Amino acid sequence: MINTAHIIFLFMTLLILSHCDECDDCDGLITEPTASFAFIDADSLLWVENNLELLTDSLLYTDSVSDQLSLISEFLEDSLTILNDSIENGGLLEAEQLLITDQIILIDSLIFINEEYDAYYTTEIDTLNIIKTALVSGNVLVDTVFNLFNNQYQVLEDIATRYEIPLNYNDPLSSLGFSIAGHLYFINLHHTNEWVIDVRGNARVSISQIDTVASAHNFANIIIQCENSSCKANEIVFTCYY
């Protein structure tokens, strides 16, 4: 007689084995190597930084003016106190009292105007700093990624700070194109490709020594970040200023 518990055990075992294709290396082939790309609008970033510098200088100047106006206001208030005491003791200083009072009113109005400028500059600086943070993060939409080596392309719909782009594992040259805000940018990368077999018998392409081909890109600047001197795929990050 067949044991029901044994049947259930065999069924569960087969069920688990049938899901092997969900893991990364059950079929013996690791997913294709990629490089991370971040894109920063260099022109907009430069404009923001220049305006931040101007606004910061203006804010420092208004702060300096504020300090000077405060000193003048304190001096006038002290002078008015002395005049009031003198008038109470019979001094004929009403004309001087009126002049000092008018000057205090003028200084108070200048302090108010200066405070408005201060608030304006502070708000603008905060706004530009938010924009700068967004620009530096590279949070932009790349419309389309082109593999210029085999004329394939991929249309992207989601905005991201980094894009994982597959490299050409059939050739030591990767030619990539990116459509950003209606403009096409390209970059050529050279690298070392090597098929390796790990201890579990899984085959994969190892790509290392990744670098740009000299003058083979139209970005304003490119910064490469590697975890070590090998500059391997799935580790390297390209920050491209366009």
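This is a predicted model: local features need pLDDT of at least 70, side-chain atom pairs count only at pLDDT 80 or more; totals for chains, interfaces and linings use all residues.
Residues are numbered from 1 along each chain as its sequence is written, and side-chain values use heavy atoms, with hydrogens and water left out.

I will take the overall layout to start with. The protein has 3 helices and 9 strands, where helices (H or I, at least four residues) and strands (E, at least two) are DSSP runs numbered from the N terminus. Read from the N terminus on, the order of the elements is α-β-α-α-β-β-β-β-β-β-β-β. Of the 242 residues in the protein, 31% are buried; buried here means under 20% relative accessible area, exposed means over 50%, and partly exposed is in between, with a 1.4 Å probe and protein chains only. Among contacts (heavy atoms within 4.5 Å) with a separation of 6 or more, 56% come from residues 24 or more positions apart.

Now to the helices. Helix α3, residues 94–137, has 44 residues and reaches 64 Å from its first C-alpha to its last, which is close to the 64 Å expected at 1.5 Å a residue; the expected span is 1.5 Å times one less than the number of residues. Its buried residues are I100, I104, I107, I111, N114, Y121, I125, L128 and L135, and what covers them includes β1 and α2 (42–88). After α3 comes G138, which has a positive phi, near 75°. On the α2 side, D63 is found in that helix and counts as partly exposed because its relative accessibility is 32%. The C-alpha atoms of D63 and N114 are 8.4 Å apart in space, although 51 residues separate the two in sequence.

Which residues touch the most other members of the largest nonpolar core? They are F37, F39, F178, F219 and F238, in a core of 28 residues, and by a nonpolar core I mean a set of buried Ala, Val, Leu, Ile, Met, Phe, Trp, Tyr and Cys residues joined through side-chain atoms within 4.5 Å. At least two residues of this core come from each of β1 (34–40), β2, β4, β5 (173–180), β6 (183–197), β7 (203–217) and β9 (237–241). There is also a second, separate core of 12 residues, which includes I40, V48, L52 and Y121. Returning to F219, and leaving aside neighbours within four places in sequence, its contacts are F39, F178, Y185, F186, I187, C240, Y241 and Y242.

T144, in strand β2, counts as buried because its relative accessibility is 12%, and, not counting residues up to four places away in sequence, it touches Y153, Q154, V155, G177, F178 and S179. T239, in strand β9, is buried as well, with a relative accessible area of 11%; beyond its neighbours within four places in sequence, T239 is in contact with A38, I40, N221, I222, I223 and Q225.

Next, the largest pocket, which holds about 280 Å³ of space. Of the 15 residues that line it, E32, N147, N150, Q152 and P166 are the closest to its centre. On a 1 Å grid over the protein atoms alone, a pocket is an open set of points where a 1.4 Å probe fits, with protein on both sides within 12 Å along at least five of seven lines, and lining residues have an atom within 4 Å of a point. Grid points are joined across faces, edges and corners, and the volume is the space filled by probe spheres set on the points. Strands β2 (142–147), β3 (152–155) and β4 (163–166) each supply at least two residues of the lining. How does that lining divide by residue type? It has 8 nonpolar, 6 polar and 1 charged, counting Ala, Val, Leu, Ile, Met, Phe, Trp, Tyr, Cys and Pro as nonpolar, Asp, Glu, Lys and Arg as charged, and the others, Gly among them, as polar.

Finally, some backbone angles. Most residues other than glycine have a negative phi. A181, however, has a positive phi of about 50°; A181 is found in the loop between β5 and β6 and counts as exposed because its relative accessibility is 60%. Q209 likewise has a positive phi, of about 55°, and this residue is found in strand β7.
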